[in-house]
Amino acid sequence: MGMSQPVREDMESSLAAPVCRAPDGALSIREVSKIYDPEGVHVVALDRCSLEIAAGEFVAVVGPSGCGKSTLLNIMAGFDHLSTGQILLDGQPLATTEVKPRPGSDRVVVFQQGALFPWKTVLENVIYGPVVQKALGKQEAQERARQMMARVGLSGIESCYPGHLSSGMQRRVEIIRALINDPRVLLLDEPFRAMDTVTKSASHEYLLELYDATGKTIFFITHDLEESIFLADKVAVMTTRPGHIKMTIEVDLPRPRDYRLLASPQFMRLKAQAVEAVHEEAVKAFQAGEREMA
Amino acid sequence: MTTAAPPMAAPSLALRWRRTLANPRLWRGVLAVAGFFLVWQISSMGALPFMTVIPTPVEVAKAFWVFLAMPKYWQSWAESAQRVFWGFATAQVLGIPLGLGMGWSRSFKELSYPLFELLRPIPPLAWVPVSILFWPTNELSIAFITFIGAFFTIVLNVLGGVSSIPKELVYSAVSFGASPAQVFWRIVLPATIPSIATGMMVGIGITWNVVIAAEMIAGNAGLGRLTWEAYLAGHTPGVIVGMISIGLAGYVSSALVKLISIKLMPWRKII
């Protein structure tokens, strides 16, 4: 990828939210718990999770599989509801015990497995949101989609079906399909999990460039600590059974970031500290689990 | 660098034929069919004593030649094809919506599935007596039995297709603002097309099985009847002509269904 600075500025003008609007997308997750109770057996998926996300902040939630991080994302996306606590989006209740969250184009999710519609071409996929909401006419939406895709180097694949693209390309298209809706928050559920190292690294830079250009709030879920430090401003570490945010790590690495950062002493130091802290928590959780089993 | 290659012209008909003929896939198929007839010829000529009751391919070919000249032979094709078409088409028209409905609405599935599962194991031919009593004409009762053959298969395939739609597709559509109706028509239906195609492919084979058997029991015309009459007349080569015709009819129908399903799923095309 490696886009030059002028392109980045150019992207800014076409991808960013309208200039007059105050930056939005601040999320406030307060004491959120989720208890599944299918047959009278309580399963605590989330246990009093709290996290403050400023507008335009890139937050990564890192934790082992099954720790409940996807549950948290699903609640924010409106696919699930919480048991106790509340989530505010720009000060307005998004999910509380009274307010059931609803899915909306202000909080679009990019999934791990990918969710492009296989029977639609890339262009048809990208314009799906604006067209279905009747926010734009088909012609306008196509025009805008072509513009956005051109700015991020995705020209030429508009009429391809997703099945004919690599997973890296698919995910890029999917991120553009989300951004064309001008969401307040971009929810990313391990979007690069199944990728090989090379594709993953290129996808990271792609995402960082889009983030720098759009300034969207990003909520990024992963199980990879290094990835989360490389991408995010703040890393929330979750532990399993029950899912709880044990600590947050502030990442004060400068932006724009690129792959060279991965080898820098600053990054190494931060990663070492994070590994140490996460390991301590993991051991505690593991021992707690063993006690529970015994 | 040399200059850019000229734009690719569509290959000429002669070239296309040459490519087809050079394809080993074709020759392997031909080899198997030819080998089959050769072994049959040798064994019926006396190499295998128990095979002598079966006429040789040469005798069958002679009988075939005679059949080809008979209007009744072609009528039989038309009769059976018509019954297959109506039974098959009705099964799709009723079965696809039913499968979609069962997959879409849990309460509808809970309502209909037990009855469906109770009726499904009843073989199409077990419907013959009731069918003859119920339907005013013979034609309708055979078409009905053919319909039964394809109906359950298509419903099960569509139901399976709807249930296995990745939930992320529906989630995404809803996030983008799709209404339930839009999700149904624009997401669930296209996502189910591959399963519909599989159901049709299996279903067309079953309808040919069923129509032949039904004709032997209840029909007065059709390829099944033709075969059965040849047997009653003690004309064994005729029986085998009937069998081969049925095989060809099934082959052609499957190819047609395959063509339709490719047209329905342009995104599945390999480039």
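What you have open is a predicted model, where local features need pLDDT of at least 70, side-chain atom pairs count only at pLDDT 80 or more, and totals for chains, interfaces and linings use all residues. Residues are numbered from 1 along each chain as its sequence is written, with chains lettered from A and ligands numbered from 1 in the order in which they are written.

Now widen the selection to E4 (84-89) and E5 (92-95) of chain A, which pair in the antiparallel sense over three bridges. Strands pair if DSSP finds at least two bridges between them; helices (H or I, at least four residues) and strands (E, at least two) are DSSP runs, numbered from the N terminus. The two strands form a hairpin with two residues between them, and Asp90(A) in the turn has a positive phi of about 50 degrees.

Next, colour the open, mixed sheet of chain A, whose six strands run in the order E6-E7-E8-E3-E9-E10. Its edge strands are E6 (107-110) and E10 (244-250), each pairing on one side only. Inside the sheet, E3 (58-62) and E8 (217-222) of chain A pair in the parallel sense over five bridges, and Val61(A) stands opposite Ile221(A).

Finally, hop to chain B and pick Trp135(B), in the loop between helix H6 (128-134) and helix H7 (138-163). Trp135(B) counts as partly exposed because it has 15 C-beta neighbours inside 10 Å; 20 or more would be buried and 12 or fewer exposed, with C-beta atoms placed from the backbone.
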